[in-house]
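Visitor: Could you walk me through how the helices of this protein pack together?

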Amino acid sequence: MARTASDSRQHGAGERAAPPALESLMEAFIDGDPRAFSQLYERLAPRVCSLLAALSGDRRLAEDLTQPTFMKIHRARDTYARGARVEPCVFAIARRTLLDERRRIKLRPEDLSSDGAMPEPRDDSSPEDSRLY
């Protein structure tokens, strides 16, 4: 005889309780439960990192940007619309974090030498600029 889902619940067939919905965790975090944010991080960080790696093509950069993404989520918690789906919000913040990083790099490029060391600063000054006045 086949067991039904209600039979499993009644008999405690070793099943774990379903994890709380992401939306419930976000609302608990907004209401002041710091453990809820830790659980959000544990559940979403691998997916955020995978998304950032797919968008950037750089796994190391994706790993580096995962933490700032969650810092932005932490700071923006008061803007979360209760009941809204969490994943699209988190993924949008991750995407914007990547775009911010790309803009930052474009504005301030840092080229490493072939051996990975920082290059010596260029001396663009003329001899006249080095005089003391």
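Predicted model: local features only at pLDDT ≥ 70, side-chain atom pairs only at ≥ 80, totals over all residues.

Guide: Gladly! Residues are numbered from 1 along each chain as its sequence is written, and side-chain values use heavy atoms, leaving out hydrogens and water.

Visitor: Why are helix 3 and helix 5 described as oblique to each other?

Guide: Their axes, lines fitted to C-alpha atoms over the stretch in contact, with angles from 0 to 180 degrees between N-to-C directions, cross at roughly 45 degrees. Angles under 35 degrees count as roughly parallel, over 145 as roughly antiparallel, 65 to 115 as roughly perpendicular and the rest as oblique. Helix 3 and helix 5 are therefore oblique.

Visitor: At what angle do helix 3 and helix 4 pack?

Guide: Helix 4 covers residues 59–75, and its axis lies 8 Å from that of helix 3. This crossing is right-handed, and the two helices are oblique to each other. The angle is about 135 degrees.

Visitor: Which helix has the highest confidence?

Guide: Confidence here is pLDDT, the predictor's score for each residue, from 0 to 100. The protein has a mean of 82, while helix 1 (residues 5–11) is lowest at a mean of 49. The highest, at 97, is helix 3.

Notes
Helix = DSSP H or I, 4+ residues; strand = E, 2+ residues; numbered from the N terminus. Left-handed = near helix turned anticlockwise from the far one by under 90°.
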